[in-house]
Amino acid sequence: MRGQFISFEGGEGGGKTTQIKLLAEKLQAAGIKVVQTREPGGSEGAEALRHLLLTGDVAAWSPISEALLFAAGRSDHLEKLIRPSLEEGKWVLCDRFLDSTRAYQGVAGNVPQEFIATIEKYVVADSLPDRTYILDLDPEVGLARANARMADIKEQSAGLAEDRFENMRLQFHLDLRQCYLDIAKAEPKRCHVINADQAIGSMHDDIWADAQKLIEKSN
Ligand code: T5A
């Protein structure tokens, strides 16, 4: 039986990585095979694009160029990892997917929605996530969390950490948050908003309560 495809979305520092790990542990304990992956990245080619996209100057790429580069990575990721894993019955937990392009390049970066929709039509096609958890948080809190984590990473990596989008102005992050809430409103069956301004364990409880329903449905 085909596995379930779950994406995690939201602004910076919402706790996606933390929650994916916790959900993966619970699913594995329930006997489900899990693949944890991320975008940009997840396949060899897409990881190379990740480096191009996330390091260096904030203005290195125009939003349209970014949308195309993220799409190229997504296409490779779907082809090499996501679709084959789902076919093998594994559950794929993906840190960011197409909603990030809608939000970061689309709404916050002003790339026309028709352009984004056309890319989605050919790149994602019918491989939409079965469930998307949108971790919703005041951007000032999320950025503070992400920056604290970044300071630790920089200390260990001689300043080569990835932080382009975290350096964007606050209004950019407020626009992102609104975009994600609008996506959730437009696609309530796929998207569930999780309050990220609560303890890690409480966030996990909310996600697990919903994931259990997905397990029941997929049995
Ligand atoms: N992007 C991506 C696009 O522009 N377009 C696209 O199409 C795609 C796919 C990816 C960047 O690329 C952009 C968006 C992003 O800017 P990234 O390095 O992968 O960049 O970083 P993010 O996805 O933004 O993830 P972050 O690492 O910033 O945050 P997470 O994964 O949401 O959060 P996490 O779990 O690492 O937690 C951050 C810190 O907060 C703590 C954690 O311990 C950690 O220190 N934390 C909490 N603290 C208090 N309470 C809680 N509930 C907490 N949960 C976690």
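Each stop below gives you something to select and says what is there.

Before you click, note that this is a predicted model, where local features need pLDDT of at least 70, side-chain atom pairs count only at pLDDT 80 or more, and totals for chains, interfaces and linings use all residues. Residues are numbered from 1 along each chain as its sequence is written, and side-chain values use heavy atoms, with hydrogens and water left out.

**Stop 1: the ligand**

Select the ligand and its shell. There are 28 residues around the ligand, and T17, T18, R96, T101 and R149 come nearest; a residue counts as near if one of its heavy atoms lies within 4 Å.

- Q105 has a polar side-chain atom 2.9 Å from a ligand nitrogen atom.
- R74 places a polar side-chain atom 3.0 Å from a ligand oxygen atom.
- G14 uses a backbone N or O atom, 3.3 Å from a ligand oxygen atom.

How much of the ligand does the protein bury? Taken alone, the ligand exposes 1,000 Å², and the protein buries 85% of that; accessible areas come from the Shrake-Rupley method with a 1.4 Å probe, and for residues only the protein chains shown count as cover.

Colour by secondary structure next. Helices (H or I, at least four residues) and strands (E, at least two) are DSSP runs, numbered from the N terminus. The elements giving two or more residues to the ligand shell are helix 1, helix 2 (44-54), helix 3 (63-87), helix 4 (98-107), helix 6 (139-157) and helix 8.

**Stop 2: helix 4**

Helix 4 supplies the largest share of that shell, four residues. Is this helix enclosed or open? Nine of its 10 residues are buried, so helix 4 is largely enclosed by the rest of the structure. Buried here means under 20% relative accessible area, exposed means over 50%, and partly exposed is in between (1.4 Å probe, protein chains only).

Select strand 1, helix 3, helix 5 (113-123), strand 4 and helix 7 to see what the buried residues of helix 4 pack against. Then zoom in on T101, which sits in helix 4 and is buried at 5% relative accessibility. Leaving aside neighbours within four places in sequence, T101 is in contact (heavy atoms within 4.5 Å) with A67, F70, R74, G106 and I116.

**Stop 3: the nonpolar cores**

A nonpolar core is a set of buried Ala, Val, Leu, Ile, Met, Phe, Trp, Tyr and Cys residues joined through side-chain atoms within 4.5 Å. The largest has 21 residues, and I6, L23, L27, L93 and Y133 have the most contacts inside it. Strand 1 (5-9), helix 1 (16-29), strand 3 (91-95), strand 4 (131-136) and helix 8 (200-218) each supply at least two residues of this core, with helix 8 giving the largest share, six. Apart from this core lies another, of 14 residues, including V35, A67, L98 and V123.

Click on I6 itself. Not counting residues up to four places away in sequence, I6 touches L23, W91, V92, L93, C94, R131, Y133 and L214.

While helix 8 is still in view, pick H204, which belongs to it. H204 is buried, with a relative accessible area of 7%, and touches Q19, L22, L23 and K26, with residues up to four places away again not counted.

**Stop 4: S85**

Go to helix 3 and find S85, buried at 5% relative accessibility. Its side chain reaches the backbone oxygen of L81 at 2.6 Å. Beyond neighbours within four places in sequence, S85 is in contact with V35, K90 and V92.

**Stop 5**

Last, pick K189, in the loop between helix 7 (170-186) and strand 5 (191-195). K189 is exposed, at 76% relative accessibility.

Definitions and conventions:
Polar contact = N/O pair within 3.5 Å; in protein donor to acceptor, adjacent residues only side chain to side chain.
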